[in-house]
Amino acid sequence: MDEHQEVQNEAALKELSHKVARAQESRKEAEPQVQANSKGMALGMRMASEFVSAILVGGLFGFGFDYWLKSTPFGMLAGLGLGFAAGVMNLIRASKEYSASVPVGSDLPPENKVE
Amino acid sequence: MSNDPMHQFHIEPIIPMELGGFDISFSNASIFLLLGAALPAAFLLASSAKAALVPSRLQLIGESAYNFVHGTLYGSTGQLGVKMFLPLVMTLFLFIASVNAVGLFAYDFTPTSQIIITASMALIVFFTVIIVGFAKNGLKFFKIFFPSGVPWPLYFLVTPIEIISFFSRPLSHSVRLWANILAGHILVKVFAGFVVMLSGAGLVGIIGAVLPFVMTIALYALETLVAFLQAFVFMLLTCIYLNDALHAGDH
């Protein structure tokens, strides 16, 4: 009886170690993918701050250049323009990340869902 | 209790101290910052004390918190990122979440409503990205300013934009958390103040006070959501930024 149990235990242990090995293998293979699922308001706040902060930093850089090169106000003008472009780019990046995480059509009503 | 909605953000020294001309008083902010460090530590210690195969309820919560952070970090940075950054990301998440949760209670101070706190955390992440980025990629880290697949004359335009975009990260990272918490707490306080003011104006006022009271409850529920959501968003963006540090080459 005892021997029988031991054999059984060994088999169970072996199976478990196989399972662990397989799980570790699959983890190694899995590609990291950006997943970003945030609720609507958080998403809105993120977009807004993403856009505004780029303009602020761009303006600040421009102001710094002006201070350094005594070229008021052209540095700041250029900085604000570049900051605006950077803000738009931030927005595009953030929304790309978001759309990558939300499959196409997952927000549609059930009757016309895209499969 | 004053009716001023900004009163809750005042920092009052409890044990006045000074070091080399700097005010380092132990204030109400210090208490809640210490609490923000102590609560996650106590939570994790308590939930992992038994480490039973069949988890107790507390252990289950602790394990899900760990799994949640681990899953988010693994999803955006992969195995290497988990190895390097799990302590940092887990600390940030648990600290922000517990500090926000504690701040929801009346008379409590919320450290994340001070931009210096959120800015310091965002700058820690920012400098971690820069240091790890240079350590891992060397000069190839500059590639994040030179996206591939662009005709070379455009670099004169694209590179400044990328640089501004990179430096705008700590700003947007810190302002988001700070503004959410600050605005939410002010709103709740303003509506709660209406209740007190109206109910002081006789029977009609008390009936009218029902409306702002309902609003306060609704906003409070929203704030509870925001407290945890913002902790999550802060962590998620930290993961995304850290991913850039590890994989700057394939931008």
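1. A residue is buried if 20 or more other C-beta atoms lie within 10 Å of its own, exposed if 12 or fewer, and partly exposed in between. In this predicted model, Q114(B) has 18 C-beta neighbours inside 10 Å and therefore counts as partly exposed.

2. As to where Q114(B) sits, the residue belongs to the loop that links helix 2 (57-103) to helix 3 (115-137) in chain B. I14(B) is 100 residues away from Q114(B) along the chain, and the C-alpha atoms of the two are separated by 18 Å.

3. Turning to the interface, 24 residues of chain A are in contact with 20 residues of chain B. On the chain B side, helix 2, helix 4 (155-199) and helix 6 (210-246) each supply at least two residues. Helix 4 of chain B gives the most to this side, with 11 residues. The side of chain B that touches chain A comprises 11 nonpolar residues, eight polar and one charged.

4. One helix pair across the two chains deserves a separate point. Helix 3 (residues 74-101) of chain A packs against helix 4 of chain B at an angle of about 70°, and their axes are 8 Å apart. Because angles of 65 to 115 degrees count as roughly perpendicular, helix 3 of chain A is roughly perpendicular to helix 4 of chain B. The crossing of helix 3 of chain A with helix 4 of chain B is right-handed.

5. Which residues make the contact between helix 3 of chain A and helix 4 of chain B? From helix 3 of chain A they are L82(A), G83(A), A85(A), A86(A), M89(A) and N90(A). Helix 4 of chain B contributes P160(B), I161(B), I164(B), S165(B) and S168(B). By class, the residues of this contact are seven nonpolar and four polar, with no charged residue.

6. Within chain B, helix 2 and helix 6 also pack together. Their axes come within 8 Å and cross at roughly 150°. Since angles over 145 degrees count as roughly antiparallel, helix 2 of chain B is roughly antiparallel to helix 6 of chain B. Helix 2 of chain B passes helix 6 of chain B in a right-handed crossing. The residues of the contact between helix 2 and helix 6 of chain B divide into 20 nonpolar and eight polar, and no charged residue takes part.

7. Helix 2 and helix 6 of chain B also figure in point 3, as each supplies at least two residues of the side of chain B that touches chain A.

How values were computed: Residues numbered from 1 in each chain as written. Chains lettered and ligands numbered in written order. Predicted model: local features only at pLDDT ≥ 70, side-chain atom pairs only at ≥ 80, totals over all residues. Helix = DSSP H or I, 4+ residues; strand = E, 2+ residues; numbered from the N terminus. Contact = placed C-beta atoms within 7 Å. Nonpolar A, V, L, I, M, F, W, Y, C, P; charged D, E, K, R; others polar. Axes fitted to C-alpha atoms, helices over the stretch in contact; angles between N-to-C directions. Parallel < 35°, antiparallel > 145°, perpendicular 65-115°, else oblique. Left-handed = near helix turned anticlockwise from the far one by under 90°.
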